[in-house]
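User: Got a model here I'd like to walk through. Can you take questions as I go?

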Amino acid sequence: MLPLAEAVVANVPVPLIVLDEHRRVTAVNTSFLKHFQLDERQMLGATLHDAADGLWNIDEVDELLRACQRDRGDQEHEVERLFGPLGRRTLVVNARSLEIPGGPSGWVLLAVEDVTEKRRAEEVLRGEREALLIRVKRHEDELARAQASLNTEVIAHNLTRGQLLHANRLSTVGKLTAGLTHEMGTPINVITARGQMILRGQSQGEQMIEDVRVMVEQAQRVTQIVRELLDYSRQRPSSRPVDDLSALCERTLELLRPMARRGKVDLLLEPSTNTLGCAADAGEVQQVLTNLVVNAVDALDRGGTVRVRVATRQATPPGSQGALCWVVMSVSDDGPGIPPHTLGRVFEPFFTTKAPGKGTGLGLSVSGAIVKKLGGWIDVENLDGGGTRFSVHLPQKGE
Ligand SMILES: Nc1ncnc2c1ncn2[C@@H]1O[C@H](COP(=O)(O)OP(=O)(O)O)[C@@H](O)[C@H]1O
Ligand SMILES: [Mg+2]
């Protein structure tokens with residue numbers, strides 16, 4: 001090589017090797033030797049493949065050199081491997097065909113860049129970027145939660161004005177009426193039939209008195225159904241305290257049974273051991289129970305069973321500490337359950353999975369707000385055997 005070229009190779013701060021046409025090391029610079037902790041004697045004269053006890057016996061590098069000699073071009077490759085005492089390194093190896101005018105052909109200049117630290121830094125940066133993205137995502141989630149709870153606050157606020165409460169009641173009344181109209185058919189048929197018998201003179205004396213008694217009884221049944229429905233749809237809360245929650249549940253289920261029967265759903269009230277009252281307005285508790293049962297019946301589109309249970313339980317309100325005794329009214333069904341990704345959203349105002357016209361998405365948000373106003377909360381969970389359970393926690397009476 002020209003003395004000037006040799007001097008350049010020797011002093012350039014990049015690790016360099018010059019190989020002849022047989023890929024033997026003809027020159028190696030200080031930077032290379034220092035970087036790989038080698039002695040010149042371990043390198044010079046040997047093929048790169050055999051030099052330094054096979055430290056550079058790397059298939060990809062051999063292949064790179066051959067390609068460079070064949071194509072007389074510029075080739076680059078990144079290799080990662082163990083380099084003796086240096087440990088695992090990542091190197092970018094660049095092979096460049098050395099064109100020396102009037103000199104030998106097939107010579108190659110090999111430049112090596114150790115990018116281990118650079119790659120590690122990139123890795124760390126990538127990790128940090130991902131961590132950052134996760135944090136941004138977490139903030140987004142928090143924002144969405146805040147938005148949802150703000151919506152709940154808005155609902156709670158409107159609730160005090162009574163409008164949403166009423167809207168929710170009316171939408172339920174629609175569902176109930178369909179069932180109740182059917183329910184009234186039977187007593188009305190009985191009244192008509194007995195009345196006609198009396199008019200035709202087919203019923204007289206003792207029999208006539210018995211027929212009239214049945215007619216009055218059936219008329220009272222119709223009146224009761226209508227009164228219950230009106231009672232339920234009335235705008236103002238009743239302000240009646242709940243002395244016996246089980247009895248209130250039974251009365252409410254009575255109102256709901258015709259609708260449930262149409263959907264082939266059984267409504268069961270599990271008997272409770274003692275009489276439990278709660279510090280809540282009867283009309284409001286009835287509205288909450290109605291919303292939960294209507295939802296359960298809706299979920300059981302092929303029929304099934306809805307169980308209502310009243311009990312006391314030690315529980316800790318969300319976001320606070322210390323367990324207290326609560327009156328819990330739970331409604332469970334053996335339906336399909338709620339998909340995990342929507343479980344956290346069912347109390348959001350206007351969240352519904354039902355077809356337009358079938359759902360308003362108000363039932364649970366209104367129920368949640370009513371119970372919150374009473375000082376309690378509602379839990380929801382999917383049951384192991386399928387189905388869903390809503391547990392309404394109400395403060396005990398006198399607390
Ligand atoms: N028992 C249940 N089983 C399955 N999904 C339910 C149940 N109760 C509520 N949901 C889900 O919660 C959503 C919100 O209920 P809700 O607020 O009452 O509104 P709506 O009944 O008008 O859809 C329902 O659309 C449904 O997806
Ligand atoms: Mg509903």
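User: What is the strand order in the open sheet of 5 strands?
Analyst: The order is β7-β9-β10-β12-β11, with mixed pairing. Strands (E, at least two residues) and helices (H or I, at least four) are DSSP runs, numbered from the N terminus. Two strands pair if DSSP finds at least two bridges between them.

User: Which strands stand at the edges?
Analyst: β7 (265-269) and β11. Each has a single partner strand, so one side of each is left without a neighbour in the sheet. The twist averages 20° from one strand to the next. Axes are lines fitted to C-alpha atoms, for helices over the stretch in contact, and angles run from 0 to 180 degrees between N-to-C directions.

User: Before we go on, what kind of model is this?
Analyst: A predicted one: local features need pLDDT of at least 70, side-chain atom pairs count only at pLDDT 80 or more, and totals for chains, interfaces and linings use all residues. Residues are numbered from 1 along each chain as its sequence is written, while chains are lettered from A and ligands numbered from 1 in the order in which they are written.

User: How many bridges join β9 to β10?
Analyst: 10, between residues 304-315 and 324-333, running antiparallel. Ala315 has Leu324 in β10 as its bridge partner.

User: Which helices pack on the sheet?
Analyst: Helix α9 (residues 245-262) touches β7, β9 and β10, and its direction makes about 170° with that of β7. Helix α10 (residues 282-299) touches β7, β9, β10 and β12, at about 30° to the direction of β10. Contact means C-beta atoms, placed from the backbone, within 7 Å.

User: And what do β11 and β12 form?
Analyst: A hairpin with 5 residues between the strands. Gly386 in the turn has a positive phi of about 100°. The two strands pair antiparallel over 6 bridges. Trp377 is bridged to His393 in β12.

User: Switching to ligand 1. Which residues come nearest?
Analyst: Ala299, Thr352, Gly359, Gly363 and Leu364, of 20 around ligand 1 (C-beta atom, placed from the backbone, within 6 Å). α10 and α12 (363-373) are the elements giving two or more residues to that shell. α10 gives the most, with 4 residues.

User: Is Arg88 buried or exposed?
Analyst: Exposed, because 9 other C-beta atoms lie within 10 Å. The cut-offs are 12 or fewer for exposed, 20 or more for buried, and partly exposed in between, with C-beta atoms placed from the backbone.

User: Where is Arg88 found?
Analyst: In strand β4 (residues 88-98). Leaving aside neighbours within four places in sequence, Arg88 is in contact with Glu80 and Leu82.

Terms used: Two residues are in contact if their C-beta atoms, placed from the backbone, lie within 7 Å.
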